[in-house]
Structure formats: C-alpha cells, structure tokens
Amino acid sequence: MSILKQRLTRQFIIEVFGARVQPIVQLNYYILTLIGLCCATGMTYGETRSDSPTLQVVGAEFPPYFTDKHKDHGILGLVLRAALSRHGYHLEFKVKPFARAVEEVKTGRADILAATYKTPEREVLFHFSYPIIESEVLLIKHSATDIHYQTLEDLVSYRIGKIRRSSSTLNIDQLSNLNIIQVNSYTQGLNMLLLDRIDLMIFNQLVLKHYLNSPSYSKKRSKLQTLTPALGKQKTYAAISKKINNHQALSNTLNTTLETLSMNGQLERMIESYLQSAYPADNDHKN
C-alpha cells in the first residue's frame, strides 16, 4: 500500500464516519502500516534475529580455537570478527556443549558454528568456510618410554588414546589392528599417559600447545614428548547454518574475505599474533 493511498483511505473514513472514530482509525492505521512494512521486507514473526547484522557464533570450549577465556574468543573468534566486521556484521560469541552448538546452528537458532572439522554428514547441514587453519595431528608419549614408528603398523602393540566421538580425517579408527582407547577429554588422556595407563595419545598440535602452557601441565611438559612423523594434518573451519536468511550470501562473503586474508598473509599473521598473546611463555619451549 503506497503512502498516498494510506493517507487518502484514512481521510475518507474520518470524513464519512466522523471525528468520533478518529482514535480507532489512528490505531488501525498504525497496525496496517506495521503489517505493510513486515510484508514488504518478507519478515514474519520470530525472524528478526536472522535479518539483523548481529551474528550468533557458537561452539564448544576448544582452546586455542574457540574459548570464552580469552578476549578474542580464540583463533576462530579473532578471524571471524576480522573477516565479517568489515562487512557491517556484529558478532556475539557463546561457548556451549558441542552437541548443543551443532543443533542450534543446524536449526537456525544460531548462525555460525565455530571450530569444526568437515565431514560428509555435516556438509549436508552447513556451508563450510574457507579453511581457517591447518594443524598437524601428533602422537605424544611419556618421555621415559622408548617408542618409535614410521608407519601405523609399527604401533600395533601400543595402547593409543583418542578422544571419544572426535571427527578425525585420518581414519585411524578404521585400522582395526590398532589398540584404540577412547577417552572423554584431553585432560583424561594426558593423565592416563602420565600414569602409564596408555602408551600414546593423539593430539592436535595447537591443542597440545594449550595444555602444555596450562597451570596443570606446564611443570610436567618435560615428561611428555611428541613422536615423528606426524599422523597427518587437519583443517579447521567455521560452518554457516543453511536455515538462516541469506545463508548463501553470508557464506560467499565469508569465504571470499577469508581467501583474500589468506592470500595476502594477514590470516597467518593474525593466528600467530593470537598464539603469542595467549601463550607468551611458549616462546621458551618449542615442541
């Protein structure tokens, strides 16, 4: 309804029915105007969040990738804000259990899932970003043990700790001849390793950096040693919900910007800057 038609309709009603109906007409006029604005923008009740420039970013506590213990909310928080704030977006970060975070992004209650690995199942649900960071996946052992390997077949006689239900691109679970011990957390795995309840523990390189700099393990780092070669490399992504408005446009914007930041070296510099600020003591301990 055009503004001219709205005014003419309101004036006609008042002239025909008199001034006594003017308060009612005034109220109805504003109600109709509001409805017209909603229709014009395609907005329905409960959809204002997705149309807002504020994006909800959720993920599990997974330092240094995503955390509420650092002002930048981890590497993913720093990079996502740098990439999207230049396009007018405001980002809000919330740490939640991983399964809940996945469900919220899957259903569109949140916009972006931070710090996730790409799997075929997740690709059905989300738009994955340009890879934000790639890290080595390592095996660590107690420094007192004499363990060496060149291929996975060399490890068949050892107890190997692995995070339960973690999405690994290395397909190590498919090697049935390995003795894989599922653990609930990296803390549990490290403690079992130090107590000789497992022989090896699978660790993401940057996650290991975080634990070796934590108060609980910084004094025990001399008891832990990484093996070479690395098991492989793993890329970490952000994932955008396919249930929010303009999800494809948001994905295109994020990916184009991340690729630009990567090509000009800014992405690598941001990550290195974050690691230096989060773990300043690590400069004296190279693993």
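Six salt bridges are counted in this predicted model, a salt bridge being a side-chain nitrogen of Lys or Arg within 4 Å of a carboxyl oxygen of Asp or Glu. Because the model is predicted, local features need pLDDT of at least 70 and side-chain atom pairs count only at pLDDT 80 or more, while totals for chains, interfaces and linings use all residues. Residues are numbered from 1 along each chain as its sequence is written, and side-chain values use heavy atoms, with hydrogens and water left out.

**Salt bridges**

Select Asp 68 and Lys 69 to begin. Their side chains form a salt bridge with an N to O distance of 3.1 Å. Asp 68 is partly exposed at 44% relative accessible area, whereas Lys 69 is exposed at 68%; buried means under 20%, exposed over 50%, and partly exposed in between (1.4 Å probe, protein chains only).

Next, select Lys 71 and Asp 72, whose salt bridge has an N to O distance of 3.3 Å. Asp 72 is buried at 15%, while Lys 71 is exposed at 66%.

Then move to Arg 159 and Asp 196, where the closest N and O atoms of the salt bridge are 3.5 Å apart. This pair links distant parts of the chain, 37 residues apart: Arg 159 belongs to strand 6 (residues 159–163), and Asp 196 to the loop between helix 7 (186–194) and strand 8 (200–204). Helices (H or I, at least four residues) and strands (E, at least two) are DSSP runs, numbered from the N terminus.

**Helix 9**

Select residues 247–263, the 17 residues of helix 9, whose end C-alpha atoms lie 24 Å apart. Among the buried residues of helix 9 are Leu 250, Leu 254, Leu 258 and Leu 261. Show also strand 1 (54–59), helix 4 (74–85) and helix 10 (266–278), which are among the elements that the buried residues of helix 9 pack against; contact here means heavy atoms within 4.5 Å. After helix 9 comes Gly 265, with a positive phi near 90°.

**Strand 10**

Finally, select strand 10 (232–241). Eight of its 10 residues are buried, so strand 10 is largely enclosed by the rest of the structure. Strand 3 (residues 112–116) pairs with strand 10 in the antiparallel sense over three bridges; two strands pair if DSSP finds at least two bridges between them. Look for Leu 113 opposite Ala 239. Strand 5 (residues 133–142) runs antiparallel to strand 10 and is joined to it by five bridges, with Ile 133 opposite Thr 236.

Note on methods
Expected span 1.5 Å × (residues − 1).
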